[in-house]
Amino acid sequence: MKCILMNKNTEVLLAEYNPVSKFFDEIIEVYHIDYAPYILKSFYEENDFNNNPFRTNLSEWFKGRGIPSWRDKLDLLLHRLDITTPTELLDKAFGLSLSDQYWIKPYDSNLKYDDINFFDNDFDYAEFLEASLSLNSKVIRKETSLKTPNNTTDGMLKKAWIIEDGTRYLLKGGYRNEVLQPFNEVLAAEICKRLGFNHVEYTLDTYKDMVVSKCPCFITKDTELITCYQIKNDMKRYDTEEDYEDYIKVLEENGLKNAREELENMYILDFLIMNEDRHLNNFGIIRDVNTLKWLDVAPIFDNGMALNVPYYDEEEVVISGHGRLFYEVKPFDEIIKVVSDITRIDTSKLEDIPEYFDNLLHEYQSITHMSDSRIYRLCVLLQRQIDKLKTLIEEARK
Ligand SMILES: Nc1ncnc2c1ncn2[C@@H]1O[C@H](COP(=O)(O)OP(=O)(O)OP(=O)(O)O)[C@@H](O)[C@H]1O
Ligand SMILES: [Mg+2]
């Protein structure tokens with residue numbers, strides 16, 4: 001099947017696409033390579049555009065837009081949607097997403113981006129939401145319920161895009177039976193708000209007796225998220241702090257003058273909430289899809305995998321915990337050292353954060369059944385991290 005890979009209204013390339021294998025068997029013509037997904041840039045050769053690395057990576061990139069094989073409760077979701085693999089979903093809605101503007105246009109069609117994109121055009125989400133997040137759900141067999149941006153969500157957690165008053169929101173549940181993640185998202189957003197960090201606003205919602213986090217889409221029809229993973233793909237890997245420094249350099253060269261401060265902010269947040277999951281697809285940049293200009297560092301998102309120290313003794317003084325700094329897994333106390341001037345942080349803004357979190361966890365206790373002692377320990381842990389940050393600031397001032 002002949003298809004054009006589109007980036008919003010721009011034709012990127014023409015290819016022979018196999019809807020069964022999801023493989024691009026032949027690249028027939030390249031129109032605007034600059035508008036291709038960022039990760040493909042380094043595989044492209046002008047004189048040999050049908051070369052194998054480029055074609056393979058195009059196919060891998062496209063398949064990678066589907067729901068990943070490691071999605072929590074994937075088997076159940078597939079059963080409920082009555083399909084066998086997540087890639088089956090890719091052709092149901094042209095591969096469109098709410099995190100970028102790429103889509104696959106059949107060569108002989110007159111389809112227009114304006115008529116099909118999910119930013120302007122509403123989609124049925126009720127069935128997908130139920131299949132994804134409810135404990136008991138029927139099998140879905142309605143074709144329209146598969147025409148949604150839910151076919152192209154990444155990440156491990158159960159999730160679903162919904163529309164409320166015209167706004168697109170992403171709902172995310174907890175991992176397996178864990179209920180903490182949505183609360184961590186809200187806590188992180190509150191900390192970011194107080195400290196003035198550029199972040200995605202997360203609130204809590206309930207869906208069928210389950211607490212979920214809810215955040216608005218931070219991408220518009222004119223932008224795309226390019227994750228650090230894509231940017232790093234063709235860069236030298238050091239497995240040291242060099243990876244961080246090199247990344248900042250590339251962002252600065254592309255006009256993001258505040259890159260260092262924004263990345264530092266992310267690591268300060270990770271330190272405070274002990275976020276273990278800052279892998280390279282959990283941060284990135286925002287690019288304008290019309291001009292290809294890099295606009296900003298992406299607002300801080302996906303902070304759920306935090307405060308994950310379930311068993312510790314109240315008397316224990318040192319709780320280290322490990323976070324991620326690019327390819328390294330290191331103690332938070334080490335990672336925080338990347339912050340060049342920690343004294344710029346006003347910790348007085350965080351004074352009542354443990355109390356705020358305590359109230360939040362108690363408010364939903366009848367649904368989550370989280371024990372008082374666990375809530376207490378989580379808040380003690382949070383307080384300890386805030387105190388540690390204060391100490392670091394005092395030491396830096398000396
Ligand atoms: N508010 C948003 N607006 C646009 N795109 C988003 C938004 N939130 C998340 N995304 C996209 O969806 C992907 C999955 O979301 P998220 O990282 O929050 O899920 P997750 O399941 O917690 O991921 P992980 O596997 O890292 O734990 C993100 O990598 C990003 O591409
Ligand atoms: Mg993620």
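**Close-up views of the predicted model**

Figure 1. Asn-282 belongs to the loop between α8 (259-273) and β10 (284-288), and Asp-302 to the loop between β11 (294-297) and β12 (322-325), so the pair ties together parts that are 20 residues apart in sequence. Asn-282 and Asp-302 are both buried.

**Figure 2. Arrangement of domain 1 and domain 2****.** The protein is divided into domain 1, covering 2-176, and domain 2, covering 223-397. The centres of the two domains, taken over C-alpha atoms, are separated by 29 Å. At the interface, 17 residues of domain 1 are in contact with 16 residues of domain 2.

**Figure 3. Area buried between domain 1 and domain 2****.** The size of an interface is often expressed as the accessible area lost when the parts come together. Here, domain 1 and domain 2 bury about 1400 Å² between them, and carbon and sulfur atoms account for 53% of this area. On the side of domain 1, the residues that lose the most area to domain 2 are Tyr-35, Tyr-38 and Ile-39, which together make up 41% of what that side buries.

**Figure 4. Polar and charged pairs across the domain interface****.** Two salt bridges are found across the interface of domain 1 and domain 2. The same interface of domain 1 and domain 2 holds six residue pairs in polar contact, with both residues at pLDDT 80 or more. A salt bridge joins the side chains of Asp-234 and Lys-41, with an N to O distance of 4.0 Å.

**Figure 5. Positive phi at Lys-22****.** Most residues other than glycine have a negative phi. Lys-22, although not a glycine, has a positive phi of about 65°. Lys-22 is placed in the loop between β2 (10-18) and β3 (23-30). With a relative accessible area of 5%, Lys-22 is buried.

**Figure 6. Positive phi at Asp-82****.** Asp-82, a residue other than glycine, has a positive phi near 60°. The loop between α2 (74-81) and β4 (102-106) contains Asp-82. The relative accessibility of Asp-82 is 43%, and the residue therefore counts as partly exposed.

Methods:
Residues numbered from 1 in each chain as written. Chains lettered and ligands numbered in written order. Predicted model: local features only at pLDDT ≥ 70, side-chain atom pairs only at ≥ 80, totals over all residues. Heavy atoms only, no water. Helix = DSSP H or I, 4+ residues; strand = E, 2+ residues; numbered from the N terminus. Buried < 20%, exposed > 50% of the residue type's maximum accessible area, 1.4 Å probe, protein only. Domains from an automatic or database assignment. Contact = heavy atoms within 4.5 Å. Buried area = accessible area lost by both parts, 1.4 Å probe. Polar contact = N/O pair within 3.5 Å; in protein donor to acceptor, adjacent residues only side chain to side chain.
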